[in-house]
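Please look over the sequence and the model before reading on.

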Amino acid sequence: MLKNTIIFRITYLEKYISIQLSIAMVLHMSSKEEVLNKLAEAVINGDAELAKSMAEEALKIGIEPWIAITKGLAAGMKVVGDKYEAKEYFLPEVLMSADAMYAGLDVLIPHLKAEEAGIRGKIVLGVVEGDIHDIGKNIVKAMLTAAGFEIIDAGRDVPVQKFVELVEKEGAHVLGMSTMMTPTLLSMKRVEEILKQKGLKDRVKTIIGGGTVTEEYKERIGSDAYGKDAVEAVDKVKMLIQSILAAAELVEKK
Ligand code: B12
């Protein structure tokens, strides 16, 4: 009888603990979810103070910085983009949102963990001639830096020739170009043409990205890769560097 009571109590206690644990996990999850939503909200409302404090909160409760950037800040910026296109937002609101985005990034970027092992490589990265949109490029830069790559930041509105010069001078393995505008897609095409003319395509791989860029456009202008977001940018750059290493190995074996 006593044995049965003890077994019953232990089973009951186990169930109680497991329910409490589940509740704690759900609460924790929802608070993480809440912070990500607040980060997005801060960007949407152009609230730099909130973006900064929520970025700090994200770190405090253990959200990975890259998750806070992509699922919080960048998700908010996507909404801002939609509102701008729907003519609900105009340039002043967009600029305030950009400020909020940077306030959050300033807190999170230093905490992106640099990958210990892995392949290294030098990347020239910039926004093409005629375009000043650099928020996306800066997110890509942060994620590539955290992945262990050396980034030569060419900045924004980078003249076609300047990209080519930097690739040659720095001996870059990869050239990354970004654009958010349709007319400036042509600048990417021109860079590709000059790289080909100068016989540099054997030495450097190219990756393109940004709002107006597509996989189809990459094919059309002969770039080596396209990345739809910063996470994909890292994966694709790793693949490009691996292909360079594999090609070098083949040459050595010959
Ligand atoms: C913010 C913004 C601005 C800000 C830019 C601030 C800054 N420092 O960047 C300000 C207010 C200055 C601005 C100005 C202008 N803008 Co504006 N702007 C936007 C807006 C609302 C959001 C862009 C953004 O930052 N998105 C958030 C980031 C995180 O996303 P992202 O850039 O796409 O980056 C991600 C991916 O694309 C990818 N990625 C990006 N780069 C790269 C590179 C590589 C190599 C890889 C692999 C991946 C990758 O990873 C990133 C992170 O995940 C868009 C609307 C929209 N729907 O996007 C219009 C938009 C881009 N702007 C537009 C225009 C027209 C202008 C102006 C000409 C307006 C004007 N009349 O003056 C000027 C530009 C002047 C110039 N010469 O450049 C148009 C472009 C239209 C077109 N298709 O040509 C858009 C689409 C709005 C619209 N529908 O009309 N703008």
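The model is predicted. The buried residues of H2 are Ala48, Ala51, Met54, Ala55 and Ala58. Viewed along the axis of H2, these buried residues fall within an arc of 125°, so they line one face of the helix. The length of H2 also agrees with expectation: at 1.5 Å a residue, its 13 residues should span 18 Å, and the end C-alpha atoms are 18 Å apart. Just after H2, Gly62 has a positive phi of about 85°.

Now the whole chain. It holds nine helices and five strands. Their order from the N terminus is α-α-α-α-β-α-β-α-β-α-β-α-β-α. Of the 254 residues, 36% are buried. Among contacts between residues at least 6 apart in sequence, 75% join residues at least 24 apart.

What surrounds the ligand? The shell has 36 residues, and the closest are Gly81, Gly136, Ser178, Gly209 and Gly227. By class, 19 are nonpolar, 12 polar and five charged. H3 gives the largest share, six residues. Each element below supplies at least two residues of the shell.

| Element | Residues |
|---|---|
| Helix H3 | 65-85 |
| Helix H4 | 91-108 |
| Helix H5 | 135-146 |
| Strand E3 | 174-178 |
| Strand E4 | 205-209 |
| Helix H9 | 230-253 |

Where does the ligand lie relative to the domains? Domain 1 (2-111) and domain 2 (122-253) both give residues to the shell, so the ligand lies between them.

Note on methods:
Residues numbered from 1 in each chain as written. Predicted model: local features only at pLDDT ≥ 70, side-chain atom pairs only at ≥ 80, totals over all residues. Helix = DSSP H or I, 4+ residues; strand = E, 2+ residues; numbered from the N terminus. Buried ≥ 20, exposed ≤ 12 C-beta atoms within 10 Å, placed from the backbone. Contact = placed C-beta atoms within 7 Å. Expected span 1.5 Å × (residues − 1). Arc of directions from axis to C-beta. Near = placed C-beta within 6 Å. Nonpolar A, V, L, I, M, F, W, Y, C, P; charged D, E, K, R; others polar. Domains from an automatic or database assignment.
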